[in-house]
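Please walk through the structure shown here with an eye to its ring pairs and its charged side chains.

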Amino acid sequence: PNVSASRAQPTGLSKYYRFASLLAHYSEEKEHQAHQYSQIYEVSYPTSWEHQTQPSELFDVCPHSKEYETVSAILSSMPMEKLHSIQRIQNKHLWKRYFFERQFVKEMNGGICNEMTLFYGSLETHPEEIYNSGEGFDMRYATNGSQGTGVYFADTVGFAFQFAYVDEESSTLSVILSKVLIENPLNRINPHVETQHTLQTSESSRKLNSSMDSSSACNIYAIHSNCKAYPSYLISVSLPDGLSKKSKRNDK
């Protein structure tokens with residue numbers, strides 16, 4: 001019995017070592033897969049972002065920085081002497097949602113996300129309620145316009161400032177410069193349709209989550225679902241003398 005037991009021992013050890021080798025190989029393979037997945041799903045934040053201690057923060061953009069010059073170039077049609085401030089919006093939660101939505105749009109649109117830089121005027125709503133929230137541009141509070149119920153953006157800063165928020169405490173007018181995913185920018189929508197729209201094609205029908213109207217003084221874009229836009233910067237200009245919330249409402 002002792003002899004047979006001693007003969008069986010090497011066989012058991014070899015099985016053990018073989019199992020340990022397979023386990024190590026399996027662990028390495030899973031670790032490699034996990035690394036690949038982390039690269040695929042890892043959120044990449046804008047390089048201009050600064051260190052922040054809160055999930056959502058507002059940072060003044062330095063007037064002498066490259067970032068300031070880049071944003072100012074987008075505002076070239078506006079008299080720069082009226083510019084009060086450019087503030088970067090860093091909301092990690094909103095950016096994550098927008099980042100993954102952009103990846104999804106790319107996958108569904110052949111690698112193209114049609115990301116545009118557009119302006120948004122919030123009228124009576126304080127911009128902080130948008131950029132400091134969990135939803136950002138929220139369809140639950142959207143109104144019905146020329147392209148149905150949606151959140152509306154303009155490609156011209158002057159047009160957007162007609163709908164700017166008036167802050168009498170700081171004597172400024174503010175609009176939000178945003179990144180917006182416009183999947184089908186050349187499609188105009190029936191203004192009588194109040195909910196999410198359907199675009200009929202020869203092959204199938206699918207939901208259209210964005211639209212465009214070029215009949216105004218500038219191009220007006222609308223998104224019809226959440227996570228399609230991220231509020232990048234708060235643009236504020238000095239409030240003209242004599243202009244207040246009351247007088248601005250009377251002008252409409």
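The paragraphs below go from the chain as a whole to its aromatic pairs and then to its salt bridges.

This is a predicted model, in which local features need pLDDT of at least 70 and side-chain atom pairs count only at pLDDT 80 or more, while totals for chains, interfaces and linings use all residues. Residues are numbered from 1 along each chain as its sequence is written, and side-chain values use heavy atoms, with hydrogens and water left out.

The chain has 6 helices and 12 strands, taken as DSSP runs numbered from the N terminus (helices H or I of at least four residues, strands E of at least two). Of its 252 residues, 38% count as buried, where buried means under 20% relative accessible area, exposed over 50% and partly exposed in between, with a 1.4 Å probe and protein chains only.

The whole structure contains 11 aromatic pairs; rings of Phe, Tyr and Trp (its six-membered ring) pair if their centres lie within 6.5 Å, and planes under 30 degrees apart count as stacked, over 60 as edge-to-face and the rest as tilted. One of these joins Trp95 and Tyr98, whose ring centres are 5.7 Å apart with planes at 45°, so the pair is tilted. Both residues lie in helix H3 (residues 92–108), 3 residues apart, about one turn of the helix, and both Trp95 and Tyr98 are buried. The rings of Tyr120 and Phe153 also form a tilted pair, because their planes stand at 50°, with centres 5.5 Å apart. This pair links distant parts of the chain, with Tyr120 in strand E3 (residues 115–120) and Phe153 in strand E5 (residues 148–154), 33 residues apart. Tyr120 and Phe153 are both buried. Trp95 and Tyr98 belong, with Tyr45, Trp49 and Tyr230, to one aromatic cluster.

Turning to charge, the structure holds 6 salt bridges, each a side-chain nitrogen of Lys or Arg within 4 Å of a carboxyl oxygen of Asp or Glu. In one of them Arg88 pairs with Glu67, the closest N and O atoms being 2.8 Å apart. That pair links distant parts of the chain, Arg88 in strand E2 (residues 83–91) and Glu67 in helix H2 (residues 66–74), 21 residues apart. Arg88 counts as buried because its relative accessibility is 4%, and Glu67 likewise counts as buried, at 17%. Glu50, Glu67 and Arg88 are linked in a network of salt bridges. Arg140 and Asp138 also meet in a salt bridge (2.6 Å, N to O), in which Arg140 counts as exposed at 62% relative accessibility, whereas Asp138 counts as buried at 10%.
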